[in-house]
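Have the sequence and the 3D view ready.

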Amino acid sequence: SGFNTIGHMDTMLQGRHHIGHYKEGEEFIQNVFHVLFLLFSGKEKSNLSICWLQYEISKVVQCLQAKNKKKLKAQGRKSKKLAKNLLKAPENRNHLSLWKLYAYLEWLLGNIDDARKVFDTALCTAGTGGLKSPQLCSLSLLYAQLEVELLESIEGAVMSRAVHILTKLAENGPYVPYSGQVLSVNVLKARKTYEHALQDYLSKTPVSDQDQVSDANQLVNLVGCYALFQYLTVGIDAAVLIYAHTSEKLEAPGPQTCENTGENFGIQNFPTALEAVTLLHTNLLRFHMKISVYPLNPLREALTEALKRYPSNQSLWRSYIHTQRKSHSASKARRFFPWLFAIQAEQMRKKLTENVQRADVGEIHSTIPETGLTNRIVALFEHAVQSENGTHCPLLWRMYLNFLV
């Protein structure tokens, strides 16, 4: 009974409450973590700590999405208690990835000042690895991204806390918390450092597979930091240029090819890095459109290209659907979508038109029925369940039944 949530869809609300974590299932998962914790030590234990805290954060995110303040408060207390206990362990005290998650948790709970203190403490104790330290880059990138999301406009952003964080990262020196201003000379130096660091990364060839994975992650963090830095100090076009340049390099065939297997080596052919860079690119465009006037087309084109290459990336699909909802012409999206996404997008459009048309008069709703969209959705369902994949997709049948009801 603990696994009732499997097979449920969070898009179908059960009455008023969202489907959450069932009590028995939650107890089982907690027991698994507790038992595993006794079996591991060293690095494995630290990795398990990260998984555990990520799981706790996912529950906080769920409470935020459901807008359940009471539950969020209780969940926040539990998650913070776990985070503090994990960080007390001797092997985790200097574990930057764990500090990063703890700071992110505080930020999600709305404790911005506390989160900043945690970020600053972690950066101060992290030493001086600068752009060569993957953990330091990852921590600084998240901190800067969260700070940027608080900005209401891009004007004056060159003096922001985010620029301070990214400038300090490039300096390779000890971190000093933000004091309210950023020196222009430091910004110029940092820009040169980022430029050289990215050139070095794109031209190097890792030796082993393990190196390749860590190099790919590090490249993504570096590109993210540099592009965000350029966005805040120069503008959106400068940031897009970095993403375009990096993607071009990553798409190029690898420098050496192994004769026996024909496989390419080198970061140039590492697909996960390209996917992650694409995601950073589209997310920045979406954010920029939110805080300033900017055409929709660059984002739409970037997403269309990205989805042809990564058709199973949920974040890209989500962005695409939200972007298409804003435009009045849905024809491009209709031609492009697989069935499930097409249906979901049309249902969102239907909900939008109904909200606009509905005028509440006490208990009576006067509504002009949107039969055109209803018929279109039914037709989509009919075609979808006749397709080879759709026939065997329980989710699709249940969505169809749900819609007809």
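Is Glu195, at 29% relative accessibility, buried, partly exposed or exposed? Glu195 counts as partly exposed, because buried means under 20% relative accessible area, exposed means over 50%, and partly exposed is in between (1.4 Å probe, protein chains only).

A quick word on the ground rules. This is a predicted model, so local features need pLDDT of at least 70 and side-chain atom pairs count only at pLDDT 80 or more, while totals for chains, interfaces and linings use all residues. Residues are numbered from 1 along each chain as its sequence is written, and side-chain values use heavy atoms, with hydrogens and water left out.

Now for the pairs. Side chains of opposite charge can pair when their charged atoms come close. Here a salt bridge is a side-chain nitrogen of Lys or Arg within 4 Å of a carboxyl oxygen of Asp or Glu. Searching the whole structure turns up ten salt bridges, including these:

| Pair | N to O distance |
|---|---|
| Glu106 and Lys80 | 3.5 Å |
| Arg116 and Asp113 | 3.7 Å |
| Lys192 and Glu195 | 3.8 Å |

Start with Glu106 and Lys80, which form a salt bridge. This pair links distant parts of the chain, with Glu106 in helix α4 (residues 96-108) and Lys80 in helix α3, 26 residues apart. Helices here are DSSP runs (H or I, at least four residues), numbered from the N terminus. Glu106 is buried, at a relative accessible area of 3%.

Next come Arg116 and Asp113, both in helix α5 (residues 112-125) and three residues apart, about one turn of the helix. Arg116 counts as buried at 17% relative accessibility, whereas Asp113 counts as exposed at 53%.

Lys192 is partly exposed, with a relative accessible area of 49%. Elsewhere, salt bridges that share partners tie Asp113, Arg116, Glu147 and Arg161 into one network.

What about charges without a partner? Lys71, Lys73, Arg77 and Lys78 form a positive surface patch. Patches are made of residues with over 30% relative accessible area and no salt bridge, and like charges are joined within 9 Å. Lys73 has its place in helix α3 (residues 69-88) and is exposed, with a relative accessible area of 61%.

Note on methods:
Patches are made of residues with over 30% relative accessible area and no salt bridge: like charges are joined within 9 Å, nonpolar side chains (Val, Leu, Ile, Met, Phe, Trp, Tyr) within 5 Å. Accessible areas come from the Shrake-Rupley method with a 1.4 Å probe; for residues, only the protein chains shown count as cover. Lys and Arg count as positive and Asp and Glu as negative; His and the chain ends are not counted. The place of a charge is taken as NZ of Lys, CZ of Arg, CG of Asp or CD of Glu. Helices (H or I, at least four residues) and strands (E, at least two) are DSSP runs, numbered from the N terminus.
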